[in-house]
Amino acid sequence: MNGLNKGIRKVEMALKWDPSPAGQPATDLDVVAATYLADDPHGAPAYVVHFDSRSPDGTIYLNRDSKDGKGFGWDEVMTLELDRLNARYTRVVLGVVIQQRPAHRTFVSVANPAFRIREGYTVLDEGDFGDVLGATAATVAEFGRETDGWSFHAGVQGFEDDPATFTRIMGQVRRS
């Protein structure tokens with residue numbers, strides 16, 4: 001990194017969706033971040049951060065959690081302090097999972113889901129889940145540690161797994 005470029009340092013992942021119609025079970029989406037070690041960047045995550053958890057060193061944490069999408073604006077917000085993340089972690093994958101209780105849901109049955117990833121006021125990526133409507137979970141981006149800082153790679157990829165399986169396999173290389 002040159003002397004004036006600080007690279008990607010602190011990132012915010014935000015998620016929103018509209019509440020379920022009256023009389024329908026609540027829809028609960030969750031932001032998930034998985035970290036990977038340098039010696040196994042596409043294997044099992046070193047740790048996963050989601051609702052009711054944070055990273056062991058406090059560098060990845062959930063600021064806002066919604067169980068029903070009834071918040072104003074962004075319903076879930078997670079902060080990733082990549083510049084403070086220990087050097088042994090070389091990859092971080094961001095995802096979204098739909099809780100499957102009390103009803104089985106895919107993105108097609110979630111009202112107006114959207115995400116935004118930004119650093120400060122700079123939007124790195126934003127979108128919806130229109131390309132993965134049959135999925136129950138999706139990865140939306142990843143960050144990779146380079147010699148001069150963190151790189152950002154956008155891309156929504158759907159999964160049809162339960163939340164526990166998704167968090168275990170979300171960082172694996174998948175064939176298209």
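**Sheet pairing and aromatic contacts in a predicted model**

Lys-16 lies over the face of Trp-74, 4.6 Å from the ring centre; a charge is counted as over a ring if NZ of Lys or CZ of Arg is within 6 Å of the ring centre and within 35 degrees of the ring normal. Arg-91 is placed over the face of Tyr-36, at 5.1 Å from the ring centre. The model is predicted, with local features requiring pLDDT of at least 70 and side-chain atom pairs counted only at pLDDT 80 or more, whereas totals for chains, interfaces and linings use all residues. Residues are numbered from 1 along each chain as its sequence is written, and side-chain values use heavy atoms, with hydrogens and water left out.

An open sheet is formed by five strands in the order 3-2-6-9-10, with antiparallel pairing. Strands are DSSP runs (E, at least two residues) numbered from the N terminus, and two of them pair if DSSP finds at least two bridges between them. Strand 3 (47-49) and strand 10 (149-159) are the edge strands, each pairing on one side only. Neighbouring strands of this sheet are turned against each other by 20 degrees on average, direction ignored; the axes are lines fitted to C-alpha atoms, and angles run from 0 to 180 degrees between N-to-C directions.

Strand 2 (residues 29-37) and strand 6 (residues 89-98) are antiparallel and pair over nine bridges; Val-92 in strand 6 is the bridge partner of Thr-35. Strand 6 is joined to strand 9 by seven bridges, also in the antiparallel sense, and Leu-94 has Ala-141 in strand 9 as its bridge partner. Between strand 9 and strand 10, which run antiparallel, there are nine bridges, and a hairpin joins the two strands through two residues. Gly-144 stands opposite Ser-151 in strand 10. Strand 9 is mostly covered, with seven of its 10 residues buried (under 20% relative accessible area, 1.4 Å probe, protein chains only).

Five aromatic pairs are present, a pair being rings of Phe, Tyr or Trp (its six-membered ring) with centres within 6.5 Å. The rings of Phe-107 and Phe-129 are stacked (planes under 30 degrees apart), because their centres are 4.3 Å apart and their planes at 5 degrees. This pair links distant parts of the chain, 22 residues apart: Phe-107 is in the loop between strand 6 and strand 7 (114-119), and Phe-129 in the loop between strand 8 (122-127) and strand 9 (137-146). Both Phe-107 and Phe-129 are buried. Phe-107, Phe-115 and Phe-129 form one aromatic cluster.

Technical notes. Helices (H or I, at least four residues) and strands (E, at least two) are DSSP runs, numbered from the N terminus. Rings of Phe, Tyr and Trp (its six-membered ring) pair if their centres lie within 6.5 Å; planes under 30 degrees apart count as stacked, over 60 as edge-to-face and the rest as tilted. Buried means under 20% relative accessible area, exposed over 50%, partly exposed in between (1.4 Å probe, protein chains only).
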